[in-house]
Amino acid sequence: MRPPTPTGARGVWCLVLLALAGDAARPPCRIDADNRTGLCKGQDLVRVPPGLPGSLRGLDLSYNKLREIAAGDFAGMTQLRRLDLGYNNISRIAPDAFLSNLLLEHLCLFNNSLRRIPAPALRPLVNLRRLDMSNNLYGSAALDDVFGRLRRLRELSLGGPLLQDISRGDFAVLKDTALQKFAIKSASSLRRYEAGAFSWLNTTELWCDTALDESAAALPVMLRDLRGKALDYLRFRNLFEFTYYTGDADPFAGLAELQITKLVFYRGKFNENLLRLALLNIQRSSVRDLALVAIDFARSPWWNSSSTGAAAPWLDRLLLQDISNPDVLRFDWTFTWLSGVATLSIINVNFNYVPCDAWGELRNVEALDISGNRLEDGYIYNQHCDYQGVMPKLESFVLAANQLLSLAVLAALTRTWPRLTRLDASRNGLGSLQETCQWSPTLRWLALHHNRMTVGAFGCLPTTLEYLDLSYSQLDRLDMDYFTRSPRLRELRLSGNKIKFIPSEWRCPRLQVLAIDGNSFGVINRGSFVNMPQLVSLAAGNNPYHCTCDLYLFLEETRRRGRPTLADWPRNWTCYHPEPLLDTAVAAYAPHLLECDVPALVAVAMASTAVAVAACAVLCWKLDVAVPTPTGFAGNFCTVWRAPRRRTGSASTNGTSRRAVGSSITSWRTSRGAPRSSSSSPVASSTASGATTSSTSPTSAPWGWAARTSSWW
């Protein structure tokens with residue numbers, strides 16, 4: 001390869017320098033039009049950019065490489081309310097860094113490298129409401145007197161991976177601060193918790209990210225410190241992070257003495273023994289909402305479950321989510337612990353089989369969500385099971401994102417459930433089988449979006465529905481008979497399918513909401529929804545529209561009537577045909593009035609013809625005076641026009657006049673060289689030969705040319 005010439009090398013360097021100059025000129029922050037919000041997120045910044053507007057109310061500097069906040073970094077930003085410095089490498093904040101930001105309400109210092117709590121810098125922030133400084137590197141959670149002055153503080157998060165000890169007086173300055181949320185994070189294994197540390201807290205939510213693998217005895221002490229508090233929500237994260245609890249003591253002792261109504265266990269290790277101890281205490285407590293999320297559940301094969309009583313707490317809501325081991329459902333070898341639950345959610349627990357006895361244990365469930373599992377038709381419905389009398393209180397059933405294929409199986413499973421009104425079976429493989437179904441007569445709401453529907457599936461749908469969602473289900477045609485048989489249907493969603501045309505006979509008298517956006521039809525007109533008299537909302541964008549008079553007149557009539565409301569207008573309403581209008585917004589399509597108004601077009605045509613005839617009559621009158629014998633078309637026309645006048649006391653009949661005019665035009669065409677039609681009518685022939693008839697009337701002549709021209713019509 002030949003080395004580049006000096007001129008070529010200079011060109012390359014110029015391009016490089018221009019590129020670098022472009023990068024340097026590109027501002028690191030996006031500022032909105034009102035200079036109120038600045039977004040500098042993820043720009044690899046090592047310092048706060050200078051020159052930011054002083055009118056900013058929100059500034060996001062997260063996900064950068066900031067190491068220090070200097071005194072003048074935010075000087076002049078007197079209107080700043082929200083500042084996000086999370087996910088940086090900040091190790092130092094100057095004591096007067098926020099001296100100009102007295103209105104600051106939300107400050108995030110999450111996930112930085114602070115080795116001590118920056119109390120001096122926080123002193124001016126008397127309006128602070130939310131402060132997150134957790135996941136930093138300080139080893140003590142002791143709060144300075146500064147925090148006692150932050151009386152408007154409502155959310156406080158602190159701690160980090162180096163915090164191993166929580167001492168009694170660490171949070172004493174918060175005793176008069178009414179918090180909505182207090183969150184504390186400790187090292188992977190908390191070494192020491194001193195009694196009384198949580199007794200200072202005055203909060204309605206407590207989030208504890210404290211692993212107690214080596215100090216399980218600290219948990220009852222923490223719970224005892226929370227007695228008498230107005231605590232409503234308690235959340236433990238990684239309660240036992242590395243080991244399953246095998247101790248003899250009850251770590252949840254004292255839970256029954258708290259006023260909490262919602263308890264959450266997020267991540268961490270649970271075995272049968274620990275879960276049963278938790279349930280036994282919950283059974284005696286005020287907890288009505290329990291969540292086990294992403295826990296690592298395991299059996300306890302050495303534990304004798306028969307030696308302890310059954311634990312079946314009465315709960316308004318139980319959530320089991322993102323648990324890899326489905327044995328959590330029957331950890332005590334039965335399903336009895338679910339018998340007192342009103343709203344049960346089992347989401348992404350990987351179970352694929354429902355034993356016959358499980359349905360019977362769910363006798364108090366009113367809402368059941370088992371979405372995101374691996375259920376198939378034969379695993380959820382067993383023909384050998386007796387489903388009569390089960391689920392007596394169930395009203396809402398969600399089994400989305402499973403592996404179901406048969407609507408008939410779903411109908412057979414739920415047919416005898418007396419209160420079922422809502423069913424969500426979206427994100428399965430339903431609708432491609434030719435089936436007949438018998439549904440519960442109480443069913444009113446059905447979601448089947450993201451399935452594989454065919455037109456034959458309409459024969460298997462319940463006809464008692466008020467709401468039906470078939471969106472994104474590959475549907476290409478509609479069965480009009482189904483809508484005739486579904487008199488209660490009020491809301492229908494068909495978005496994102498492949499429907500190619502809208503039938504004009506579509507009859508659905510009670511339908512109020514219709515979504516047909518994102519399909520494949522191009523034509524709608526004034527008659528498309530005439531049999532839907534109660535339709536008030538229509539979404540029909542993102543279709544390949546033929547921008548013709550039909551569409552224009554439909555939109556004009558919709559605008560004139562004020563209904564239905566076009567829910568997605570004008571977004572995604574685009575012309576695809578004709579070719580000159582491709583990609584034109586339908587809102588910009590405005591044909592000339594006469595293109596689409598047929599009555600107006602006819603009226604204009606008639607008026608134009610009348611004007612032309614009148615002009616010709618005037619011309620003949622003038623020619624009669626100036627030129628006794630005109631030639632050509634004018635001569636022939638005028639000859640006919642004069643003829644009735646030359647017959648004394650006579651006026652031509654309508655038919656005779658029309659024949660005369662036709663003869664004159666034919667003669668004119670012949671004189672111009674136009675070919676005469678080989679199939680000329682007998683009337684024209686007789687007229688040309690002079691065999692015309694007329695009626696005589698002494699009163700017709702005085703009307704002049706107006707009477708003659710009117711007779712032509």
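This is a predicted model: local features need pLDDT of at least 70, side-chain atom pairs count only at pLDDT 80 or more; totals for chains, interfaces and linings use all residues.
Tutor: Residues are numbered from 1 along each chain as its sequence is written, and side-chain values use heavy atoms, with hydrogens and water left out.

Student: Why is Asn428 called buried?

Tutor: Buried means under 20% relative accessible area, exposed means over 50%, and partly exposed is in between (1.4 Å probe, protein chains only). Asn428 has 10% relative accessibility, so Asn428 counts as buried.

Student: Where is Asn428 found?

Tutor: Asn428 is in the loop between strand S23 (422–424) and strand S24 (445–447). Helices (H or I, at least four residues) and strands (E, at least two) are DSSP runs, numbered from the N terminus.

Student: What does Asn428 touch?

Tutor: Contact means heavy atoms within 4.5 Å. Leaving out residues up to four places away in sequence, Asn428 touches Leu399, Ala400, Ala401, Asn402, Gln403, Leu404, His450 and Asn451.

Student: What makes Asn428 and Leu404 a polar contact?

Tutor: A polar contact is a pair of N or O atoms within 3.5 Å. Within protein, one atom must be able to donate a hydrogen and the other to accept it, and residues adjacent in sequence count only if both atoms are side-chain atoms. Here a polar atom of the Asn428 side chain lies 3.1 Å from the backbone nitrogen of Leu404.

Student: Why is strand S17 described as largely enclosed?

Tutor: S17 covers residues 289–293, and five of the five are buried, so the rest of the structure largely encloses S17. Both faces are covered. Asp289, Ala291 and Val293 are buried on one side, and Leu290 and Leu292 on the other.

Student: How do you know that S17 pairs with other strands?

Tutor: Two strands pair if DSSP finds at least two bridges between them. Strand S15 (residues 262–266) and S17 have five bridges, in the parallel sense. S17 and strand S19 (residues 315–321) also have five, again parallel. As for partners, Lys262 is bridged to Asp289 in S17, and Leu292 stands opposite Leu320 in S19.

Student: What makes Lys269 and Asp296 a salt bridge?

Tutor: A salt bridge needs a side-chain nitrogen of Lys or Arg within 4 Å of a carboxyl oxygen of Asp or Glu. For the side chains of Lys269 and Asp296, the N to O distance is 2.7 Å. The pair links distant parts of the chain, 27 residues apart: Lys269 is in strand S16 (residues 269–271) and Asp296 in strand S18 (residues 296–298).

Student: Are these two partners buried or partly exposed?

Tutor: Lys269 is at 18% relative accessibility, so Lys269 counts as buried. Asp296 has a relative accessible area of 28%, so Asp296 is partly exposed.

Student: How many salt bridges does this rule give?

Tutor: The count comes to 18. Among them, Arg493 pairs with Glu491, with the closest N and O atoms 2.9 Å apart. Arg493 is partly exposed at 28%, and Glu491 is partly exposed at 21%.

Student: Where do Glu556 and Arg559 lie, and what makes them a salt bridge?

Tutor: Both lie in helix H10 (residues 549–561), three residues apart, about one turn of the helix.

Student: Why is Arg559 called exposed?

Tutor: Arg559 has 52% relative accessibility, so Arg559 counts as exposed. Glu556 has 32%, so Glu556 is partly exposed.

Student: What makes a nonpolar core, and which residues have the most contacts inside the largest one?

Tutor: A nonpolar core is a set of buried Ala, Val, Leu, Ile, Met, Phe, Trp, Tyr and Cys residues joined through side-chain atoms within 4.5 Å. The largest has 177 residues, and Trp359 and Phe397 have the most contacts inside it. Leaving aside neighbours within four places in sequence, Phe397 is in contact with residues including Trp359, Leu368, Ile370 and Trp417.

Student: Why is Leu59 called buried?

Tutor: Leu59 has 3% relative accessibility, so Leu59 counts as buried. Leu59 lies in strand S3 (residues 58–60). Leu59 and Leu83 are 24 residues apart in sequence and 5.1 Å apart in space, C-alpha to C-alpha.
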